[in-house]
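Me: I would like to go through this model feature by feature. Please give the general idea each time, and then the case at hand.

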Amino acid sequence: QVQLVESGGGLVQPGGSLRLSCAASGITFSEYHISWYRQAPGNQREFVAAITNGGNTNYANSVNGRFTISRDNAKNTGYLQINSLKPEDTAVYSCNAIHRIYSRMNYWGQGTQVTVSS
């Protein structure tokens, strides 16, 4: 059974930082591209950042320079370091794993809430 479990969300003041984790099980983690998405209330889910199985990264313009995506294949875990948080970063952050070849092997976690407020 495939599971992606996010953690690390919480309430943080503007300008603060958080490190989100996405722990995977049931997959060969090193064969998957990992992405982070977020969804704020009333909004559609939007892309935040991605890292390929080979370590190449890509970011949404709105977070470029503030967010850093990484992975530790030995721990089957992906990370999203989020700095200089703004109230508009408030959302549920979810991770996605998609196989590097077989795109139908596509899995989502349940999400973790990030709230930025003073």
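Reply: Start with charge: Lys and Arg count as positive and Asp and Glu as negative, while His and the chain ends are not counted. The place of a charge is taken as NZ of Lys, CZ of Arg, CG of Asp or CD of Glu. By that count the protein has 9 positive and 6 negative side chains, and the centres of the two sets lie 4 Å apart. The model is predicted: local features need pLDDT of at least 70, side-chain atom pairs count only at pLDDT 80 or more, and totals for chains, interfaces and linings use all residues. Residues are numbered from 1 along each chain as its sequence is written, and side-chain values use heavy atoms, with hydrogens and water left out.

Me: How many helices and strands are there in the protein?

Reply: Helices (H or I, at least four residues) and strands (E, at least two) are DSSP runs, numbered from the N terminus. Here there are zero helices and 11 strands.

Me: Is Asp89 buried or exposed?

Reply: Buried means under 20% relative accessible area, exposed over 50%, and partly exposed in between (1.4 Å probe, protein chains only). Asp89 counts as buried because its relative accessibility is 1%. Its place is in the loop between β8 (77-82) and β9 (91-99). In the protein, buried residues make up 40% of the 118.

Me: Which residues is Asp89 in contact with, leaving aside neighbours within four places in sequence?

Reply: Contact means heavy atoms within 4.5 Å. On that basis Asp89 is in contact with Arg38, Arg66, Phe67, Ser84, Val114 and Val116.

Me: Where is Tyr107 found?

Reply: Tyr107 is in strand β10 (residues 106-108). With 25% relative accessibility, Tyr107 counts as partly exposed. Beyond neighbours within four places in sequence, its contacts include Val2, Leu4, Tyr32 and Cys95. The C-alpha atoms of Tyr107 and Gln3 are separated by 7.9 Å, although the two are 104 residues apart along the chain.
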